[in-house]
Amino acid sequence: MNASDQCKLGTSRVVIAGEMTIYTARDWRDRLLVAMSAPGDVELDLSGVSDIDAAGIQLLVSLRMEAAAADRALRLLSVSARVTEALTFCRLTEFFSDALPAQA
Amino acid sequence: MSAQMDDALQTLIIESRELLQNMEEALLLLEQTPDDAEAVNAIFRAAHTIKGSAGLFSLDHVVAFTHVAESVLDRVRDHRLGMSPALGSLLLEVCDHLGQLIDGVAAGQAPDDALSGRSDAIAARLQTYLETPSAVQAEPDFSDVDWPDGNDIAPPSAAPVHGNDSVTSGMWHISLRSGPNLLRDGMDPLSILRYLGTFGQIVNLELILGDIPPLSVIDPESCYIGYELSFASETDQASIDGAFDFIREDSVVRLIPPYGPIADYRALFADMPEDSLLLGRMLVRCGSLTEEELAQALETQGRMGPDSGGGSPAPLLGEVLVAQQLVDKPLVDAALERQQQVKATAAGEATLIRVDAAKLDQLINLVGELIIAGAGAQLVARRLKVPDLVESTSVLARLVEDVRDSALTLRMVQIGATFNRFRRVVRDVAAELGKDIHLDIQGGETELDKTVVEKIGDPLTHIVRNALDHGIEPADVRLARGKPRQGRLSLNAHHESGSIVIEVSDDGGGLRKERILQKAVERGLVSEGQVLSDKEIFGLIFEPGFSTATQVSNLSGRGVGMDVVKRNILALRGTVDLDSVEGQGTTVRLRLPLTLAIIDGFLIGAGNASYVVPLEQVLECIELPDEDKPEQGASYLNLRGEVLPFVRLRDLFDIPGEAPRRENVVVVQYAGERAGLVVDQLFGEFQTVIKPLGKVFSHIRCIGGSTILGSGEVALILDVPGLVRQVTERQPVSRHLPSTLSPV
């Protein structure tokens, strides 16, 4: 696992790389919780995600819903091909449409 | 064609013939009980499987022909078409014609013009059953796409229509609620769905995200997402189900077939924890339901009570259960035949093994040799008088006996299949003759040796046809004679002292003795004025060239028949006799040995020679009383007040030398007649491997075969039926004891 979290003013950024699966879901959840504990928008860098399964998807969805509930913006800065494929397969691109980068 | 393909083709031919036989039986059953859904399914399955297998071998003519039949059967199955006698007959023709097509395949011939012409003719008649209007579906039917290539015979709209209550979507609908531990158990629902994509297309997928908790409380290793998807696939329910096999245990998987009933969706709404309306919207988005269908489903759902289940408890539960039932049945119906087919084949393969008959024969032969060798070893052991050796050889002998018994049962088959074939014969012949005849079958589970079964088919057919043609009278004659309109023919089998008895009885006119006698005199078989017993008169009809039918029909009456029957049965070491009461009916009785290979024998000795009598036919052994020792030939003795005719083996086989002072009588029985065999010595039970006598000896009476003793000597097997006949025929048997005889 390889991640670096940055906290700009009012924005938390989480870089997720490697697997985003059941094996790592707990760690990513903790990382995301940290990001959510700070105020402001949340940015995710998913460009390094090599694999994602249902656990990863539901983590993203949970984050997305929690952010929306708290009226905070969620942005997926860049998304690996694998994640794009998974979101497309799950018909979730619309759900994340405001968070996904424009070109995706 | 490669050897492997050749083998596979042989399997196809064998299987197809079996399936056709099943199909025929089911069709005949349907004539009796037209509503038998299982029979309809069986017929459909047979046609479907034949079509499928024929497709594998590119037997296009078989596929095309079967396809039309299958389409008609599909309609029958869906109750869009009722069974009628006309359709039944047509389907029987289909059955026969398929048999011919398969025969053609077996012979390696391409269908000739006559055959294809007949295919077309029958197909055309089948088509008339398909032209009745049916609900036309706009969407392709994915449940029946195992017929991919555009065949010129237009398949009917094969979408199963479950009345008005079906949805218009041609896709499977799958609902998946994964158990919470699925991911922890190493299963990813997404990869299962991806796997589905390998044999179909996920047209639409809706994720139910409502259950995903906020990040702060989420257990990231639990599953929260529910899945609703519409799935287009050509496979059957079993393989779709199979994809979920690993997760079924703690997940909820619901499968609704294409054009599934709205009731299924209704039940889905009732069972799923989500709000029905929300779920319904998803299903509409999936394309599984239209708005209208959703409204329909929700309306009835609403009537079933609040979906939380809080309101009126007792009736609600009941209704939900009913709904559950509704769910299961159509679901099962939709894909049942395919599933069952797969399972039936799998189960059949698991419990039955096809074995080359030659291998079985070889096994029986080896067992035979084993018995002979075992007997030899036992003999040596006895001579050496080593107690341990004697004991171990006797254990061995018992085991060999068990091995023999189980080896022989391998060859045993039930006679039921042979009997059932006569349903068709009776049906067709009765139709041809314009008679109404009911066939009654009893004792179909009686077992006998496969070789015997194979060889009695023809003689039985002769007898049955005779009974149908000459035995049972036309309906008007029957009514005039005060009999029920419907004639009755019964086939009955049972075991009796080591043989199987097969009876063919009819309730027809019976044999007219004076006509038979008159005819026999005409043909010079009996001289005028000769007095014959009933049995002897009836026996005349088994003489060559004897027929009493005044009219020769194309079924029987040409006088070739009963003599052939008798010859065939005798060749099997069996006998045939006949009982008849004029005006009431006739019974033909066949007695056949259970097996042709090994018997339990009783070893006896006369002079230096040994003989074997089949143990089943031995009643008892007694010592020959001194006062009953006449000088020559057969005589009779008094056995507890009854006359027992006997014969001396010494006289019968012309054995030189003096008889010992003490002689024994072996009382044998066959077909109700008893006779005594006077022998020198009784040796006791002996397992006997029958070695047939060569053709040179075929004219010898009273000897059925030979066997080899443990010592290597040859013993002759006595033909008890022949002996009994010879002994009892010599003198008129009277059951009353002459006063000159004193009791034993």
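Predicted model: local features only at pLDDT ≥ 70, side-chain atom pairs only at ≥ 80, totals over all residues.

Biologist: How are the axes of α1 and α2 of chain A oriented to each other?

Modeller: Take helix α1(A), residues 25–37, and helix α2(A), residues 54–69: their axes come within 10 Å and cross at roughly 15°. Angles under 35 degrees count as roughly parallel. So α1(A) and α2(A) are roughly parallel.

Biologist: And which hand does the crossing of α1(A) and α2(A) have, left or right?

Modeller: Going by the way α1(A) passes α2(A), the crossing is right-handed.
The residues that meet there are A25(A), W28(A), R29(A), L32(A) and M36(A) from α1(A), and A55(A), G56(A), L59(A), L63(A) and E66(A) from α2(A). By class, that contact has two charged, one polar and seven nonpolar residues. As for the hand you asked about, it's right-handed.

Biologist: Which element of chain B gives the most to the side that touches chain A?

Modeller: In this contact, 19 residues of chain B go with 21 residues of chain A. On the chain B side, α6 (189–196) and β2 (200–208) each supply at least two residues. With three residues, the top contributor is β2(B).

Biologist: How many residues on that side of chain B are nonpolar?

Modeller: The side of chain B that touches chain A includes three charged residues and one polar residue. The nonpolar count there is 15.

Biologist: Which element supplies the largest share of the largest nonpolar core?

Modeller: That core has 75 residues, and L32(A), I57(A), I225(B), L229(B) and Y265(B) touch the most other members. Leaving out residues up to four places away in sequence, Y265(B) touches I256(B), L283(B), L289(B) and A297(B). The largest share of the core is eight residues, and they come from α2(A).

Biologist: K385(B) has a positive phi. Is K385(B) buried or exposed?

Modeller: Its phi is about 55°, although K385(B) is not a glycine. K385(B) lies in the loop between α12 (357–384) and α13 (387–410) of chain B. There are 8 C-beta neighbours inside 10 Å, so K385(B) counts as exposed.

Biologist: Where does R640(B) sit in chain B?

Modeller: R640(B) is another non-glycine with a positive phi, about 45°. Because 8 other C-beta atoms lie within 10 Å, R640(B) is exposed. Its place is the loop between β15 (635–639) and β16 (642–648).

Methods
Residues numbered from 1 in each chain as written. Chains lettered and ligands numbered in written order. Axes fitted to C-alpha atoms, helices over the stretch in contact; angles between N-to-C directions. Helix = DSSP H or I, 4+ residues; strand = E, 2+ residues; numbered from the N terminus. Parallel < 35°, antiparallel > 145°, perpendicular 65-115°, else oblique. Left-handed = near helix turned anticlockwise from the far one by under 90°. Contact = placed C-beta atoms within 7 Å. Nonpolar A, V, L, I, M, F, W, Y, C, P; charged D, E, K, R; others polar. Buried ≥ 20, exposed ≤ 12 C-beta atoms within 10 Å, placed from the backbone. Core = buried A, V, L, I, M, F, W, Y, C linked by C-beta atoms within 7 Å.
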